Amino acid sequence: MSHIKIELRKEDVDFIKGVCTSFNNDPQELINVLHSCQEHFGYLPAEIQEVVSEGLNVPVAKIYGVVTFYSFFTMTPRGLHPISICLGTACYVRGAEKVLDEFKKELGIQVGESTKDNKFSLSSLRCVGACGLAPVVLVGDKTYGRVAPDDVKNILREYE
Amino acid sequence: MSKYSMHLLVCGGTGCHAAESDAIVCNLRDELEAKGLNETVQVILTGCFGFCEKGPIVKVMPDNTFYVQVKPEDAQTIVEEHIIKGRKVTSLLYRDPKTKEPVADSKHMGFFKKQMRIALRNCGFINPENIDEYIARDGYAALGKVLSEMTPDEVIKLVKDSGQRGRGGAGFSTGLKWELARRNVSDEKYVVCNADEGDPGAFMDRSVLEGDPHSILEAMAICGYSIGASNGLIYIRAEYPLAIQRLKTAIKQAKEYGLLGNDIFGTGFNFDITLKYGAGAFVCGEETALIHSMEGLRGEPTLKPPFPAESGYRGKPTNVNNVETYASIPAIILKGAAWFSSIGTEKSKGTKVFALAGKINNVGLIEVPMGTTLREVIFEIGGGIRNGKKFKGVQTGGPSGGCLTEKHLDTPIDFDNLIAAGSMMGSGAMIVLDEDDCMVSMAKYFLEFTVEESCGKCAPCRIGNKRLHELLGQICEGKGVLSDLDRLKNMSLVIKDTALCGLGQTSPNPVLSMLDNFRDEFIAHITHKKCPAGQCRSLLEYIVNAENCVGCTACARVCPVNAISGMRKEIHKIDSAICIKCGACMEKCKFDAIYIS
């Protein structure tokens with residue numbers, strides 16, 4: 001499923017089981033359970049999915065199907081400062097693609113990858129609804145508006 | 001609210017929030033406290049005013065002064081000048097783009113003049129985290145009226161008579177939908193609010209949820225009473241953290257006040273609302289896909305019938321409406337069907353919220369009566385095209401809609417006229433394009449979106465859209481042939497006819513409308529290998545301007561494919577057959593000697 005192998009500690013397993021219990025171990029709450037797990041662990045590797053599978057009594061294949069269907073869920077860890085570039089229509093027509101290219105160039109990574117030191121990861125998303133600020137870039141929870149390719153270096157410098 | 005003589009309303013919508021409106025609120029409160037005015041002037045973080053272009057916004061009431069692009073450090077000036085000395089801070093006022101004169105009162109701003117706010121009636125007026133302010137503006141009065149004075153059939157008749165059609169895209173009659181759900185007998189039914197606003201460029205649902213969450217809760221309870229449901233579910237995008245937080249607060253407050261829960265208003269009616277989170281799948285805006293997603297499954301649509309009104313969430317009758325549809329319901333109940341149906345056109349009643357974005361001066365959220373023309377929306381409310389460029393088109397309905405052009409500008413906007421013009425209402429996103437936008441690239445962009453968001457269940461959408469995207473890609477790279485245009489058209493028509501759900505059936509719309517309206521541009525790409533808008537990189541030609549070139553060799557040294565020739569101190573030349581259009585030479589040249597044709 002994934003090349004990353006992790007070992008869950010006992011408290012991690014207990015956490016996941018606890019989440020499942022808090023949703024009454026109801027298989028229909030799978031997506032809410034996955035949200036809680038991803039919020040806690042940052043991503044959803046196969047090992048976590050296996051524990052959820054036991055907790056909710058849903059085949060792990062089905063969980064994998066759900067995790068890979070929705071773009072919000074990820075099976076690989078994100079960087080310390082995840083960078084997301086909005087490629088919604090409003091941002092696109094105001095030059096978001098050029099901003100994305102600049103991030104790729106500066107960080108030397110493609111969309112969906114992390115830098116070697118795991119400091120930054122790059123992703124694109126569709127519309128955060130802040131079209132007045134287009135093009136929009138998110139670094140962690142911080143929003144940058146009206147970003148031009150020339151601003152990219154300065155944004156990255158803030159996280160050095 | 002009476003003890004305060006003045007209110008400072010600060011926009012707390014996502015756009016302004018991102019631009020530090022929180023810090024503005026803090027600074028204003030600190031300033032007022034320092035001046036001993038915190039008992040007479042109240043600072044309120046409200047929902048979106050709609051004028052996102054000039055955010056963050058601070059509005060002073062009761063005099064309606066509208067300050068734009070306020071920075072946290074402006075708090076002191078606003079308090080000292082406006083509040084204490086009674087002088088408006090001219091530098092922060094909105095300036096009319098034509099006369100350059102400052103406009104003090106928001107009522108006189110072009111942006112607000114033609115608007116009529118029903119769904120957005122409370123956005124920007126109340127503190128969305130305070131239920132009392134909602135109640136003060138007739139909040140929950142409609143629920144009270146329905147529960148104490150009306151039978152469920154009377155409510156449904158009223159909603160039907162109002163002529164309201166669903167604001168999510170398809171435009172199905174709201175009252176009829178409710179009636180179908182009511183007719184199906186079951187021990188349990190569900191009321192669902194579709195808040196999975198996936199259409200890029202649309203942010204009206206988010207603004208309503210952030211600015212007026214109680215209106216949605218109230219309308220869902222009214223719907224629950226009408227169809228006989230006691231459970232409500234809001235399916236909301238996980239990408240909208242602020243809206244989720246405000247909804248949670250609102251649900252908690254409504255429960256405390258006994259406006260949700262058991263025995264509401266002592267009438268024996270029970271209604272509860274829970275939140276369900278989306279996880280980033282555009283197709284989940286389709287109601288059957290949405291229901292599957294709420295059940296913890298992949299959000300794949302299923303064939304209708306059965307409609308959700310017969311068999312929806314957990315196999316029970318379910319009514320799904322969009323956020324904006326619900327937002328108008330309390331107003332319709334209180335003011336009556338005749339009032340609502342007096343607004344709008346013959347077949348599209350009421351108002352519609354549009355999200356204006358793209359190459360337009362006033363990016364923002366507007367609400368206008370149905371039947372307003374595109375010209376009024378784009379040039380009067382929207383303030384025209386940015387940087388004095390020429391209007392080229394407007395994409396309505398997002399990736400499912402089409403592009404309307406100059407010739408459609410005077411068409412009154414309603415559900416049927418937009419379809420007749422080759423587009424659709426969709427959720428109400430309007431992306432304005434100017435002369436710099438390449439229409440072939442735009443069509444390719446929308447197809448890229450559809451390809452990424454297709455759930456993969458049916459072949460026409462999964463495979464057909466991929467092929468459309470490839471053909472458009474080839475045209476953008478100058479590798480297209482004229483017969484591709486017929487292939488694009490035929491394939492689009494087949495996908496429309498055969499795809500399983502609304503996503504696939506509408507996905508070729510951008511291609512068809514771009515082909516209809518901008519055929520010349522496609523031909524320019526194919527026959528002349530030129531992109532008239534200068535957007536398609538493969539079709540650009542980098543040329544040395546002999547007048548500026550000093551022969552420094554900087555460009556030749558940076559060229560990764562050795563496409564530039566020329567001796568030192570001689571004019572250089574770019575061989576376009578070798579050139580890969582990376583643009584490195586142009587970036588390197590200090591003498592502006594390289595340009596793109």
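Q: Which residues is B:T345 in contact with, leaving aside its neighbours within four places in sequence?
A: In this predicted model, B:T345 is in contact with B:M370, B:G371 and B:D414, once neighbours within four places in sequence are left aside.

Q: How far apart are the C-alpha atoms of B:T345 and B:G371?
A: The C-alpha atoms are separated by 5.6 Å, although B:T345 and B:G371 are 26 residues apart along the chain.

Q: Where is B:T345 found, and is B:T345 buried or exposed?
A: B:T345 sits in the loop between α14 (337-341) and β12 (351-358) of chain B. Its relative accessible area is 17%; because the cut-off for buried is under 20%, B:T345 counts as buried.

Q: Turning to the sheets, what is the strand order in the open sheet of five strands in chain B?
A: The order is β9-β10-β8-β7-β11 (chain B), with mixed pairing. The edge strands are β9 (261-264) and β11 (318-322) of chain B, each of which pairs on one side only. From one strand to the next, the twist averages 25 degrees.

Q: How many bridges join β8 to β10 in chain B?
A: Six bridges join strand β8 (residues 231-236) of chain B to strand β10 (residues 269-277) of chain B, and these two strands run parallel. Within this pairing, B:L233 stands opposite B:T274 in β10(B).

Q: And β9(B) with β10(B): parallel or antiparallel?
A: β9(B) and β10(B) run antiparallel and are joined by two bridges. B:G261 has B:F271 as its bridge partner in β10(B). The hairpin of these strands has four residues between them, and there B:F265 takes a positive phi near 55 degrees.

Q: What about chain A: what is the order in its open sheet of four strands?
A: The order is β2-β1-β3-β4 (chain A), and the pairing is again mixed. At the edges stand β2 (120-125) and β4 (142-144) of chain A, each with a single partner strand, so one side of each is left without a neighbour in the sheet. The twist averages 20 degrees from one strand to the next.

Q: In what sense do β1 and β3 of chain A pair?
A: Strand β1 (residues 81-86) of chain A and strand β3 (residues 137-139) of chain A pair in the antiparallel sense over three bridges. A:I83 has A:V139 as its bridge partner in β3(A).

Q: Which strands does α6(A) lie across?
A: α6(A) lies across β1, β2 and β3 of chain A, and runs at about 150 degrees to β1(A).

Q: Now the second largest pocket: how much space lies in it?
A: About 1800 Å³ of space lies in the second largest pocket. Its lining has 50 residues, and the closest to its centre are A:E97, A:K98, A:D101, B:Q535 and B:R537.

Q: Which element gives the largest share of that lining?
A: The largest share, six residues, comes from α6(A). Elements that each supply at least two residues include α5 (89-93) and α6 (96-107) of chain A, together with α17, α18 and α24 (584-588) of chain B.

Q: What is the lining of the second largest pocket by class?
A: The lining has 21 nonpolar, eight polar and 21 charged residues.

Q: Last topic: which residues of helix α22 in chain B are buried?
A: In α22 (residues 519-526) of chain B, the residues B:E521, B:F522, B:A524, B:H525 and B:I526 are buried. Their cover includes β14 (391-396), α17 (439-453), α18 (459-476), α19 (483-498) and α21 (509-517) of chain B.

Definitions and conventions:
Residues numbered from 1 in each chain as written. Chains lettered and ligands numbered in written order. Predicted model: local features only at pLDDT ≥ 70, side-chain atom pairs only at ≥ 80, totals over all residues. Heavy atoms only, no water. Buried < 20%, exposed > 50% of the residue type's maximum accessible area, 1.4 Å probe, protein only. Contact = heavy atoms within 4.5 Å. Pairing = 2+ DSSP bridges. Axes fitted to C-alpha atoms, helices over the stretch in contact; angles between N-to-C directions. 1 Å grid on protein atoms, 1.4 Å probe; cavity = no way out; pocket = protein on both sides within 12 Å on 5 of 7 lines; lining within 4 Å. Points joined across faces, edges and corners; volume = space filled by probe spheres on them. Nonpolar A, V, L, I, M, F, W, Y, C, P; charged D, E, K, R; others polar.
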